[in-house]
Amino acid sequence: MAKQHVRFTFEPNLIQEPLIYQLGHQFEVITNIRMADVDASVGWVVLELEGEPDEIERSIEWARSKGVRVDEPTLGDVVEG
């Protein structure tokens, strides 16, 4: 099992879509939200994805295909706990 932190940024049309829920059910990864902020114009979330490395990569590519911008988290984005 591997862990990877990623930052997802959602456009306004995607904010109300249950993409993180779908990602957790469609792929064999555990999603753990570390930080998030959502308003009417943009939403972002820092996720800890846990699973097999190939499955994590597949889930990230799926999110990109849905229109989510995927970045590495910045310093201070990752909250341990």
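Modeller: A nonpolar core is a set of buried Ala, Val, Leu, Ile, Met, Phe, Trp, Tyr and Cys residues joined through side-chain atoms within 4.5 Å. Buried means a relative accessible area under 20%, exposed means over 50%, and partly exposed is what lies in between, with a 1.4 Å probe and protein chains only. The model is predicted, and local features need a pLDDT of at least 70, side-chain atom pairs count only at pLDDT 80 or more, and totals for chains, interfaces and linings use all residues. Residues are numbered from 1 along each chain as its sequence is written, and side-chain values use heavy atoms, with hydrogens and water left out.

I start with the core. The largest nonpolar core has 18 residues, and the members that touch the most others are Phe8, Phe10, Leu23 and Val68. Two or more residues each come from β1 (2-10), α1 (19-26), β3 and α2. Of these, α2 supplies the largest share, with four residues. The element names follow DSSP runs numbered from the N terminus, where helices are H or I runs of at least four residues and strands are E runs of at least two.

Setting aside residues up to four places away in sequence, Phe8 touches Leu23, Gly43, Trp44, Val45, Leu47, Ala63, Val68, Arg69 and Val70. Phe10 is located in strand β1 and is buried, at a relative accessible area of 9%. With residues up to four places away again left out, the contacts of Phe10 are Ile15, Leu19, Ile20, Val42, Gly43, Trp44, Val45 and Val68. From Phe10 to Glu72 there are 62 residues in sequence, and their C-alpha atoms are 15 Å apart in space.

Next come the helices. Two packed helices are described by the angle between their axes and the distance between the axes. Here the axes of α1 and α2 come within 10 Å and cross at roughly 145 degrees. The contact involves Leu19, Gln22, Leu23 and Gln26 on the α1 side, and Ser59, Trp62 and Ala63 on the α2 side. The axes are lines fitted to C-alpha atoms, for helices over the stretch in contact, and the angles run from 0 to 180 degrees between N-to-C directions. The crossing of α1 past α2 is right-handed. A crossing is called right-handed if the near helix is turned clockwise from the far one by less than a right angle, and left-handed if anticlockwise.

The charged pairs are the last topic. A salt bridge is a side-chain nitrogen of Lys or Arg within 4 Å of a carboxyl oxygen of Asp or Glu. The whole structure holds four of them, and I describe some here. One of them joins Glu48 to Arg34, with 3.3 Å between the closest N and O atoms. Glu48 belongs to strand β3 (residues 43-51) and Arg34 to strand β2 (residues 29-38), so the bridge ties together parts that are 14 residues apart in sequence. Glu48 is buried at 5% relative accessibility, and Arg34 is buried at 16%. The side chains of Arg34 and Glu48 are also joined by a polar contact of 3.3 Å. A polar contact is a pair of N or O atoms within 3.5 Å; within protein, one must be able to donate a hydrogen and the other to accept it, and residues adjacent in sequence count only if both atoms are side-chain atoms.

Arg58 and Glu55 form a salt bridge at 2.6 Å, N to O. They are three residues apart in helix α2 (residues 53-65), which means a separation of about one helical turn. Arg58 is partly exposed at 48%, while Glu55 is buried at 14%. Apart from neighbours within four places in sequence, Glu55 contacts Phe27, Glu28 and Val29. Arg64 and Glu61 make another bridge, with closest N and O atoms 2.7 Å apart. Arg64 and Glu61 are also three residues apart in helix α2, or about one helical turn. Arg64 is partly exposed at 38% relative accessibility, and Glu61 is partly exposed at 38%.

Conventions:
Contact means heavy atoms within 4.5 Å.
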